Amino acid sequence: MEGGAALYNPRTVEEVFKDFKGRRAAIVKALTTDVQEFYQQCDPEKENLCLYGLPNEEWEVNLPAEEVPPELPEPALGINFARDGLSEKEWLSLVAIHSDAWLLSVSFYFGSRFSFHKEDRKRLFNMINDVPTIFEVVTGMAKKQSKDKSSSANQNGNKSKSNSKVRTSDGKSSKAMQVKDEDEEVDEEDEDDHGETLCGACGDSDGADEFWICCDLCEKWFHGKCVKITPARAEHIKQYKCPSCSNKRARA
């Protein structure tokens, strides 16, 4: 396993950052929307396993690379052994922390390999630092930090969320259209708040023109495409539960 190294070798700051974002999105997906499948693959009875995020936003649980030294820095070894010794939340947080460290090591490995200058390394770090860490996404800290930056906007946003758990492509609440006069002001506040909301699956705040849906249990917002929910399907869901909450209830 080479962590996707055989696919291509990014040589510029922009290419390395694109590689970083692809691997990051893959791991975030493994620890959120695909968490049930990830949990099952990390069987403590198996050998030392690693979580790999690939540049194409796909993830896999696999044995470490056999070659020494490996083509790329390797992620944390033996994540499966700690699975049953911790609570699920603690275990996922631990995997997230090690994954953040791995992503940085891979990015700066490319930086060193292709002789990035000081300013290029600084620019790469700043680009990475502007994106929430996997740990922040998995634990919900990213969403909390976003709320702290715009507390007044979020207070208004909470009112709108109580009226509707679904947002359509125009940023408006599809179930709050019954009283137009009252909702016009709320819709504007929704759009402002939406710019600060982070998707509970991918951790990105962009996609304001996309369809969003909110989990009725944890109240995290998700891009519809990240949790495979379309606007048409959402209209028939009385209570939406995100993959993480559904998985917790199933094991309980």
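F17 makes contact (heavy atoms within 4.5 Å) with L124, M127, I128 and V131, leaving out residues up to four places away in sequence. The structure is a predicted model, in which local features need pLDDT of at least 70 and side-chain atom pairs count only at pLDDT 80 or more, while totals for chains, interfaces and linings use all residues. Residues are numbered from 1 along each chain as its sequence is written, and side-chain values use heavy atoms, with hydrogens and water left out.

F17 sits in helix α1, where helices (H or I, at least four residues) and strands (E, at least two) are DSSP runs numbered from the N terminus. One of its contacts, L124, is 107 residues away in sequence, yet the two C-alpha atoms are 6.8 Å apart. With a relative accessible area of 14%, F17 is buried; here buried means under 20% relative accessible area, exposed over 50%, and partly exposed in between, with a 1.4 Å probe and protein chains only. The helix that carries F17 has 19 residues and reaches 27 Å from its first C-alpha to its last, close to the 27 Å expected at 1.5 Å a residue. That expected span is 1.5 Å times one less than the number of residues. Because 14 of its 19 residues are buried, α1 is largely enclosed by the rest of the structure.

Not counting residues up to four places away in sequence, T32 touches G200, A201, P243 and S244. A further buried position is V138, with 16% relative accessibility, in helix α5 (residues 134-139). Its contacts, leaving aside neighbours within four places in sequence, are with L31, L92, A96 and K220.

Among contacts between residues at least 6 apart in sequence, 63% join residues at least 24 apart. The accessible surface, from the Shrake-Rupley method with a 1.4 Å probe and only the protein chains shown counted as cover for residues, comes to about 13,500 Å², and 48% of it belongs to carbon and sulfur atoms.

Strands β1 and β2 make a hairpin with five residues between them. Strand β1 (residues 50-53) is covered on both faces, with C50 and Y52 buried on one side and L51 and G53 buried on the other. Four bridges join β1 to β2 (residues 59-62), and the two strands run antiparallel; strands pair if DSSP finds at least two bridges between them. Y52 has E60 of β2 as its bridge partner. In the turn, E57 has a positive phi of about 70°.

Some further backbone features stand out, since most residues other than glycine have a negative phi, and most peptide bonds are trans. V68 and P69 are joined by a cis peptide bond, with omega about -5°, and P69 lies in the loop between β2 and α3 (88-113). E219, in the loop between β4 (212-214) and β5 (221-223), has a positive phi of about 60° although it is not a glycine. E219 is partly exposed, at 46% relative accessibility. K228 also has a positive phi, near 60°, and belongs to the loop between β5 and α9 (231-234). K228 is exposed, with a relative accessible area of 69%.

Finally, the cysteines. A search of the whole structure finds zero disulfides, a disulfide being a pair of cysteine sulfur atoms within 2.5 Å. For C42, the nearest cysteine sulfur, that of C50, is 9.9 Å away. C42 is buried, with a relative accessible area of 0%. For C226, the nearest cysteine sulfur belongs to C199, 4.0 Å away. C226 is partly exposed, at a relative accessible area of 22%.
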